[in-house]
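Please keep the structure in view while reading.

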Amino acid sequence: MTEHRAEIAGLHADDRDEAELADVTLRWSDVGLFLGCYVGLVAVWVGIGEAITHSSWIEGRDQSIAEWFVDTRTAALTTWSSVGSNLAETLPKIVFTAIVALTMRLVWKRWREPLMMVLPLVLEASVFITVTYIVGRPRPDVKRLDTSPVGSSFPSGHVAAAAVYGALVIIVFWHVRNRVARAAAVVLCVATPLAVGWARMYRGMHHLTDVTAGLVLGIVSVTLCWWMIRRAVRRTELAIDGARVSTPVSPIPSLDATTPEPSPARQLG
């Protein structure tokens with residue numbers, strides 16, 4: 001019976017419903033892991049940025065594409081590009097993320113979902129700020145329709161932030177089984193960074209390689225944060241299971257055990 005109890009308690013977290021998994025319990029090792037991901041991403045993206053800026057062929061292709069976008073400008077497209085660009089502006093994305101994360105905390109009363117919303121944005125933004133400062137790539141040499149306090153172009157912070165909205169897909173998949181709802185979440189979170197990327201190139205703010213690097217940075221940030229949170233959840237599950245296994249279990253008499261006959265003294269009494 002004890003062995004059977006241990007087998008049930010030892011079920012891996014993957015065998016349980018995602019919505020029923022334990023909350024996140026963070027340790028200092030998790031902070032170190034997060035910082036390690038930050039350093040690794042900075043190193044990779046700085047390397048990519050330096051390779052791009054030192055390639056005359058890539059720079060020439062990027063400039064040609066930027067000029068092509070200028071040639072496609074119309075009044076209607078300019079209006080729509082403004083809408084697309086604003087989808088990932090700094091203040092709206094911070095406010096949106098804060099409201100959604102707070103709502104999740106109040107509804108589910110745990111940190112797993114709020115952290116899934118916040119951590120990818122923190123990781124992406126930290127890497128973006130560091131990389132764009134180190135690489136310092138100039139923006140496309142065309143007439144730009146926007147201004148920005150950040151003068152460098154690589155990678156696109158707007159597109160990276162828009163891709164981070166993909167964290168919502170993971171949370172939806174945790175709690176929703178309806179295929180239509182899941183598909184809608186996927187379509188929305190795929191369309192948003194694509195729209196932002198087009199808008200930023202159309203408005204002359206980024207090269208194609210900037211947008212591509214930003215898109216990949218956002219996706220990788222979400223993936224790494226999902227892995228870190230999942231790792232912390234599994235650790236909590238194992239701790240809970242270990243506590244259950246260590247709890248003494250009263251033995252249950254076997255059903256085929258024979259009941260002893262009462263003694264003559266007990267019968268006379």
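## Terms for the helix angles

Angles under 35 degrees count as roughly parallel, those over 145 as roughly antiparallel, those from 65 to 115 as roughly perpendicular, and the rest as oblique. The model described here is a predicted one. Two packed helices are described by the angle between their axes and the distance between the axes.

## Helix 4 against helix 9

Helix 4, which covers residues 75-86, packs on helix 9, residues 179-202, at an angle of about 125°, and the two axes lie 8 Å apart. Helix 4 and helix 9 are therefore oblique to each other, and their crossing is left-handed.

On the helix 4 side, the contact involves Leu 77, Thr 78, Trp 80, Ser 81, Gly 84 and Ser 85, and these meet Val 196, Trp 198, Ala 199, Arg 200 and Tyr 202 of helix 9. Sorted by class, this contact of helix 4 with helix 9 has six nonpolar, four polar and one charged residues.

## Helix 5 against helix 8

Helix 5 (residues 90-108) and helix 8 (residues 167-175) pack at an angle of about 20°, with 13 Å between their axes. Helix 5 and helix 8 are therefore roughly parallel to each other, and the crossing of this pair is left-handed.

Helix 5 makes the contact through Phe 96, Val 100, Met 104 and Trp 108, while helix 8 contributes Leu 168, Ile 171 and His 175. In terms of class, the contact of helix 5 with helix 8 has six nonpolar residues, one polar residue and no charged residues.

## The largest pocket

The largest pocket has a volume of about 450 Å³. It is lined by 26 residues, of which Glu 89, Thr 90, Lys 93, Phe 128 and His 158 are the closest to its centre.

Several helices take part in the lining of the largest pocket: helix 4, helix 5, helix 6 (112-135) and helix 7 (157-164) each supply at least two residues. Helix 6 gives the largest share of this lining, namely six residues. By class, the residues that line the largest pocket divide into nine nonpolar, ten polar and seven charged.

## The second largest pocket

The second largest pocket holds about 200 Å³ of space. Among the 13 residues that line the second largest pocket, Ala 163, Gly 166, Cys 189, Val 190 and Ile 219 are the closest to its centre.

The class count for the lining of the second largest pocket is ten nonpolar, three polar and no charged residues.

How many cavities of 30 Å³ or more does a search of the whole structure find? The search finds one cavity at that cut-off, and about 40 Å³ of space lies in the largest cavity.

The largest cavity is lined by Thr 97, Met 117, Leu 121, Ala 161, Val 164 and Tyr 165. Helix 6 and helix 7 are the elements that give two or more residues to the lining of the largest cavity, and both helices also supply at least two residues each to the lining of the largest pocket.

Key. Residues numbered from 1 in each chain as written. Predicted model: local features only at pLDDT ≥ 70, side-chain atom pairs only at ≥ 80, totals over all residues. Heavy atoms only, no water. Axes fitted to C-alpha atoms, helices over the stretch in contact; angles between N-to-C directions. Helix = DSSP H or I, 4+ residues; strand = E, 2+ residues; numbered from the N terminus. Left-handed = near helix turned anticlockwise from the far one by under 90°. Contact = heavy atoms within 4.5 Å. Nonpolar A, V, L, I, M, F, W, Y, C, P; charged D, E, K, R; others polar. 1 Å grid on protein atoms, 1.4 Å probe; cavity = no way out; pocket = protein on both sides within 12 Å on 5 of 7 lines; lining within 4 Å. Points joined across faces, edges and corners; volume = space filled by probe spheres on them.
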